[in-house]
Amino acid sequence: MFELDEPKYLLTLALIPIFGALFFLHIWWKKKEQQKFATAFLFEKLVPNYSNGKIWIKFTLWILAIVFLAIALVNPKIGTKMETIKREGIDIVFAIDVSKSMLAEDIAPNRLEKSKQLVSQIMSQLQTDRIGMVAYAGSAFPVLPLTSDYNAARMFLQSMNPTMISTQGTSIDEAIEQSSNYFDQGNATNKLVVLISDGEDHSDNVETALETALTKKIKILTIGVGTDNGGPIPVKEKGQNIGFIRDKNDEVVITKLNQSILENIGNKTKGGYILGNNTKEVVEYVTKKIATIEKTERESTQMTDFQSQYQWFLAIAFFLILIDVFLLERKTSLLAKWNLFNDKPVKR
């Protein structure tokens, strides 16, 4: 098994077509200048040992050298053995409200983007915990299964938006139930759900969902995003605000933060609640809460003892450059004998 240490350096291969274009431009210019100086027959007489083919060999050597240098910079590594790694951590599911009310801009830039910022900052404090993600509005949708790949998690996090779920509204009970399904009943790993919402809830089964969570020994830490005064929900087209969502009486809908339901959920499951408007305070609070939860040791098998292989490709690149340095553009007796490049005398 192998891995690429710095795959970004593969972009250096983009230099090849640039060098190719410059090379062909140079060949064209050189022939044009030679024609000004002498005819092809006369040039052959004046410079009998000049080889047109050698310049192509030198160009090929440089292209190959660039390829091998690029591979050396990427530094491919080869794993030599499988090893069982023991780590301690907990399982965390982030349940994020993506209903249209989360587009309200009473918290800059809006409630949903603020929620993403909070989750991203919390993830930055994690190391050995597995994380999953659930998006919910009128229904809940599993976004990311439990994983230790935080980079993938960030990618999925940024893609979350209200269009993910066609059913609008806010069903916190479905968010809790969906998050609870992430955890294996027989798994001894401690479980935490971090539920982020403005607290607006249009469901009637929150208490039932909480009983299920308590049965599975799941703690739910809730974060409220929004303000008590609330704000309208903008309607945008091509990034421009064209108005606000209105009710059936054509009145602008004002969505307000409902802290009481979020506090109730956090208190009942012994997870806790915090207002999410101050990022630093939220990250510190959640980090401390996670630190108080007992970590469970688990095993995972992975390829280890990766050895860098860049030196081989670097050596080949330098060898090719060295050949180019000692390779003259005049004909050699061996190549002249083989006539690989059809360097025949020009007839008048």
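This is a predicted model: local features need pLDDT of at least 70, side-chain atom pairs count only at pLDDT 80 or more; totals for chains, interfaces and linings use all residues.
Figure 1. Phe 19 is found in helix H1, which comprises residues 15–37. Together with Leu 15, Ile 18, Leu 22, Leu 25, Trp 28 and Trp 29, Phe 19 forms a nonpolar patch on the surface. The accessible area of these residues together is about 730 Å².

**Figure 2. The largest nonpolar core.** This core has 35 residues, of which Ile 92, Phe 94, Met 133 and Ile 223 touch the most other members. At least two residues of the core are supplied by each of the strands E4 (91–97), E5 (130–136), E6 (140–147), E7 (191–197) and E8 (218–224), and likewise by each of the helices H4 (111–124), H5 (150–158) and H9 (279–292). Helix H4 gives the largest share, five residues. In soluble globular proteins, nonpolar side chains tend to be buried together.

**Figure 3. Length of helix H10 (residues 310–326).** The 17 residues of H10 should span 24 Å at 1.5 Å a residue. The C-alpha atoms at the ends of H10 are 25 Å apart, which agrees with this expectation.

**Figure 4. Buried and exposed residues of helix H10.** Ala 317, Leu 320 and Asp 324 are the buried residues of H10. Seen down the helix axis, the buried residues of H10 fall within an arc of 60°, so they line one face of the helix. The face turned away from this buried side carries the exposed residues Trp 312, Phe 318, Phe 319, Val 325 and Phe 326.

Notes: Residues are numbered from 1 along each chain as its sequence is written. Side-chain values use heavy atoms; hydrogens and water are left out. Helices (H or I, at least four residues) and strands (E, at least two) are DSSP runs, numbered from the N terminus. The expected span of a helix is 1.5 Å times one less than its number of residues. Buried means under 20% relative accessible area, exposed over 50%, partly exposed in between (1.4 Å probe, protein chains only). The arc is that of the directions from the helix axis to the C-beta atoms. Patches are made of residues with over 30% relative accessible area and no salt bridge: like charges are joined within 9 Å, nonpolar side chains (Val, Leu, Ile, Met, Phe, Trp, Tyr) within 5 Å. Accessible areas come from the Shrake-Rupley method with a 1.4 Å probe; for residues, only the protein chains shown count as cover. A salt bridge is a side-chain nitrogen of Lys or Arg within 4 Å of a carboxyl oxygen of Asp or Glu. A nonpolar core is a set of buried Ala, Val, Leu, Ile, Met, Phe, Trp, Tyr and Cys residues joined through side-chain atoms within 4.5 Å.
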